[in-house]
Amino acid sequence: LRPDVAPLGGGCWRLCSRCVPSEWPYGRCRRVGKAFIHLSCRMSRLWKALVVLAASCVRPREVSAGQPLAFDKHATDGDEVELPSRSEEEDFCLLRIRPESTCSDKRMVLRFGDWSKVSNEHLLRYRPWQEFSSSLAACENVRREVAEACGPTAQVELKYKGTFMATDTRSDGSWVVVGRDRQERVALRRLDASTKPRHDCYEAKQFRGSSFANAEKPFDEAAAADTAMFCLPAVVITGHIKTGTTALWYLLEKHEKFVGCQPKELCLGRGRFRLWSEFITNLAAATKEASESQYILNGCLGWEEYEDLHILFKAPSMMKLYLTRRAPETIWSSWNYFCMPEMEEKCARPPTTRVGVHYRSPELFHELFMLGKVEQSNSLLPRRIPQEADIAQYFGRELLHIDRLSQTPGDVLLLAVEHREQDLDGFWSRLSSSLGSYLGTTLQQYEGMVEVAEKKINTNDNKFFSEKDKKTSEHAEGEYQITKYRAMLQDDVEMIMKDWTECPTISQRTGWDYGCQS
């Protein structure tokens, strides 16, 4: 099972974990796994040979400038072609790269998870759509990557057909949005800024059934199935998983100045909530509950959620609070909190670990972590075990998109969870100063705030959000029941800190000293 001997050591552990009783110690599992060492090595070589063979057989799709494209039956300007062998329910987009750039004049139909050839010099791979909250967000991300690959003079046009899209703004200031449900259309029109200060508010009309065709009519003339007035949150909490986002939402939601969305993660991404019956309806309820001096609060992890809002609601403004945590503790906590469907059974939704069902130990983490260093592209490596390239910009990849969606200076604030845990007064001073400046108000500490801040919410040993969460723990940071309260090996901590090259930038932006290595 040593990574330097058997490239598929993680695969042996996976097989062993499924074939032996869960109460066996890991040492016995290792001994059982030795029987598979030679087989693993041979299978590894065979697998690599098959990958090379498959890659030589599958050619990237290339479309020349004169070749017609399957895009939209109702498109114009030479793009009106049928959709061969494509489902009407499929989301897809078309990119056109104009000349006068390092890329020649090309057109591409993007199929999620495939390879697309931009030119002989530029090969672009984009992630499967499941890693984005919507297909359109994925297409937008690919468009930006193509533009960067083709040079500063490239003109990359995007056309999209599918769900989670918004039409252009019409003459009356309204536009039509398509959510997950293709049988529903929602017309939106932005309200005056004085409706609710520091919020983007909208009047909305829903079109279904007999009123479906009315969505194309002017906003005031269209007879709708339902109407609503709502405001998007003024403040949102985001960040990497296991960085204290739930605890911060709980801390602010108790403040008299805020009204929290219900549920606390009222998010459109990945089809969690329907556009009208859940998302808009719940926002309308929060808008009605909030007084003139209160602000709506929400929390959605992942920049993709805000990409969707940016697209559907025409670049709304909101204060984004991004939480960070020292990389070794974040990685260790995430790996102990979540189970791994690709390697473990009984890992249903929510995919969280259970004591007595899933196995965790510092030694197992170390072997899988080292496996990633030896086999950088090993397909058996769990996604909860980041590789060196992932650790280098552990928060930076998300922050790049969060910063790009910024609408006004100062509407993105980085906060360190360690700051809240070790210096609540200093943390609140930093938070209230930035929030107060953005919202135009003063945020004082409230009675009982210290007790609220001491609560351990959604921890590894006490999962999910609950009013019954414990205030204190007799165990130190990074010690969890599933690992028998043993922390990450110090060698792994030091290697991760060495790989975490963005650490000085995160320390500077959060105002917290993470002890970065030079």
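**View 1. Phenylalanine 230 and its neighbours.** Leaving out residues up to four places away in sequence, Phe230 touches Leu188, Asp200, Cys201, Tyr202, Ala204, Ile280, Leu283, Ala284, Thr287 and Phe313; a contact here means heavy atoms within 4.5 Å. This is a predicted model, where local features need pLDDT of at least 70 and side-chain atom pairs count only at pLDDT 80 or more, while totals for chains, interfaces and linings use all residues. Residues are numbered from 1 along each chain as its sequence is written, and side-chain values use heavy atoms, with hydrogens and water left out.

**View 2. The largest nonpolar core.** Step back from Phe230 and you find a core of 73 residues, where Phe230, Phe279, Phe313, Phe365 and Trp500 have the most contacts inside it. To count as a nonpolar core, buried Ala, Val, Leu, Ile, Met, Phe, Trp, Tyr and Cys residues must be joined through side-chain atoms within 4.5 Å. Buried means under 20% relative accessible area, using a 1.4 Å probe and protein chains only. Helix α6 (residues 275-289) gives the most to this core, with 7 residues; helices are DSSP runs of H or I, at least four residues, and strands are runs of E, at least two, numbered from the N terminus. There is also a second, separate core of 29 residues, with Leu248, Leu321, Leu323 and Ala453 among them.

**View 3. Phe258 meets Tyr295.** The whole structure holds 15 aromatic pairs. Rings of Phe, Tyr and Trp (its six-membered ring) pair if their centres lie within 6.5 Å; planes under 30 degrees apart are stacked, over 60 edge-to-face, and the rest tilted. Here the centres are 6.4 Å apart and the planes sit at 50°, so this pair is tilted. Phe258 lies in strand β12 and Tyr295 in strand β13, so the pair ties together parts 37 residues apart in sequence. Both Phe258 and Tyr295 are buried.

View 4. Phe279 belongs to helix α6 and Phe313 to the loop between α7 and β14, so parts 34 residues apart in sequence are tied together. Phe279 is buried at 3% relative accessibility, and Phe313 is buried at 1%. Ring pairs also link Trp175, Tyr202, Phe230, Phe279 and Phe313 into a cluster.

**View 5. Charges over rings.** The charged end of Arg198 sits over the ring of Tyr438, 4.2 Å from its centre. Lys205 lies over the face of Phe219, at 4.9 Å from the ring centre. The rule is that NZ of Lys or CZ of Arg must be within 6 Å of the ring centre and within 35 degrees of the ring normal.

Terms used: Buried < 20%, exposed > 50% of the residue type's maximum accessible area, 1.4 Å probe, protein only.
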